[in-house]
Amino acid sequence: MKKHNAIKVILVTTFICAILTWIFKAAYFQSEFVDQGLVQMGLFDLFSYSLTSLSYFGYIALYMICVGGFYGILNKIPAYHKLVSSISNKMSKHSIVWLSVIMILIGIITSVCGLQLGLILFFPFVATVVLLMGYDKIVVALTLVGSSMAGIIGTTTGYSNVGLLNSYLGTDVTNNTSLKIAILIVALFLVILNTVLYIRRNNKVVSVKKVEKVNEESIKEEKIKVVEVKKSDSSKDNTTKTKDANKKATKTSSKPSTKTTKKNSSKKSSSKSKNNNKAAVLDEEVIMIKNKKFDNKLKVWPLIVGLLILFIIMILAFIPWSDVFGFTGMATASESVNGFEIFKFALFGKLLGSFNTFGDWMITDMFLPMACVIILLAIIYKVKIDDLFDGFADGAKKALLPALTSLLIYVVLVINTYHPFQLTFYKAILGIGGTSKLNVFTTAFTAILSSLFNVEPSYAFQAFIPYLTSLITNQDVYPVIGIISQAMYGFTMIFAPTSVVLMAVISALEIRYKDWLKAIWKLLVELLVVLLIIFTIIILL
């Protein structure tokens, strides 16, 4: 089934990695290259690694499920439908401009805060708005995935993404900021340009009225099929009462008609399969929101305030205040809150418990703000308790597939960590053309492979950077190595089957992986060529 396509792709990737452990020798670098020989993966390992993935990275899957539950409750609130409907109607007048604004905003936030996973909290909201504007699901994925990865390509202060990289290279996050901003602008420009070209080339603005007609026609066809089946059943009952000769005759005469109906139905289904990425054709909720008439007295400002509070908290909590900017005000504020006493009783310290300072938050720290906002909104909009639980269950159910996708991707990471076969061919690639000078092309290709095998940026950089720095002793080029590494990681996450953001988005939208690759291959070529040119110019200068 199409909705399980992402799972199938990841399982194939897992199988390939398991096979590679039987072909390439394991190795690691610790002051020197250490050859471990073949360290093959067994069948029992696959299941134990799944538990390891769950224990170490299960919080990401839990985050996705909670985000799904959050929006499941919002869908029980009519004001939410009115909000996304009104926003989409206003944006539809200048849809390309607003798409560009959304993508630029996502790219900048990811670049500054390193929030490619955290922003998943607002992905369903953005996706609904884009769908209501009439665009197809590929456009939605380009808006979310393309802009997020452009932000990683041009990471400026996103310490969570490049902190370990800078510690390996002895560089600072703020080094070459102007160059990183330039790369960010170029990457966002190419993503937006290709999104606009895709829209114009495929004419993917869907009329909801047309969608309704398509759905009505499909319903009529289903009814016709049911009638035909009933007729064929009744004819069979009549023939059983006749002689054996008449039975054979009726059977042979009925076969051609069934074949023709099957052919006709297959032709119709094949013609409809061309539109399988149309937004509203597959999304009944979008049609419901678009065509729903809302009460003018229905107030949306509490909902807007609640979502804005969540957004502001997320931005403030993930900006690396102390690590990058050296600002200790957030740590001081946290200490003041924890130490606040009433009658010598630390009220907030006991009530809130231990919590991370703004700048050091993880995505799981967003659970409490999400819970507070959704409970307050449920009270304001008088959502029944049963609807509250039903909504969360419905939303969480829809998020199960993306959550499972993320867990399976991290199984691949566990395999590559416990069976480190990668360094064997990284050594061969980096040795092409000599090892004393920085080779832009071999370094970029190694960074792509490392990102492909290791979904987390810290693991991706750890897999080859220590060995690379042992070969290149000229520390003047280390900042360039950092820029190449972070840019190639973001580039790879646009198409890699081990990209959590990508595979979660296309699984939620039910986009086939090959359709995604077909839609973005030109963007990938353009990004790769432009980035390699930029890296080459930097080395020459």
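By class, the residues lining the largest cavity comprise six nonpolar, six polar and two charged ones. This is a predicted model, and a search of the whole structure finds three cavities of 30 Å³ or more, of which the largest has a volume of about 80 Å³. To centre the view there, select Asn166, Thr171, Lys180, Pro479 and Gly482, which are the closest to the cavity's centre among the 14 residues that line it. Next, colour helix H7 (159-169) and helix H22 (478-492), the elements that each give two or more residues to this lining; H22 supplies the largest share, five residues.

From here, move to helix H1 (residues 5-20) and helix H23 (residues 500-509), whose axes come within 8 Å and cross at roughly 145 degrees. The contact of H1 with H23 has five nonpolar residues, one polar residue and no charged residues.

The last stop is the one salt bridge that a search of the whole structure finds. Select Arg512 and Asp515, which form this salt bridge with their closest N and O atoms 3.0 Å apart. Are these two partners buried or exposed to the outside? Arg512 counts as partly exposed because its relative accessibility is 25%, whereas Asp515, with a relative accessible area of 16%, is buried because that value is under 20%.

Key. Residues are numbered from 1 along each chain as its sequence is written. This is a predicted model: local features need pLDDT of at least 70, side-chain atom pairs count only at pLDDT 80 or more; totals for chains, interfaces and linings use all residues. Side-chain values use heavy atoms; hydrogens and water are left out. Axes are lines fitted to C-alpha atoms, for helices over the stretch in contact, and angles run from 0 to 180 degrees between N-to-C directions. Helices (H or I, at least four residues) and strands (E, at least two) are DSSP runs, numbered from the N terminus. Ala, Val, Leu, Ile, Met, Phe, Trp, Tyr, Cys and Pro count as nonpolar, Asp, Glu, Lys and Arg as charged, and the others, Gly among them, as polar. A salt bridge is a side-chain nitrogen of Lys or Arg within 4 Å of a carboxyl oxygen of Asp or Glu. Buried means under 20% relative accessible area, exposed over 50%, partly exposed in between (1.4 Å probe, protein chains only). On a 1 Å grid over the protein atoms alone, a cavity is a set of points where a 1.4 Å probe fits but cannot get out, and a pocket is an open set with protein on both sides within 12 Å along at least five of seven lines; lining residues have an atom within 4 Å of a point. Grid points are joined across faces, edges and corners, and a volume is the space filled by probe spheres set on the points.
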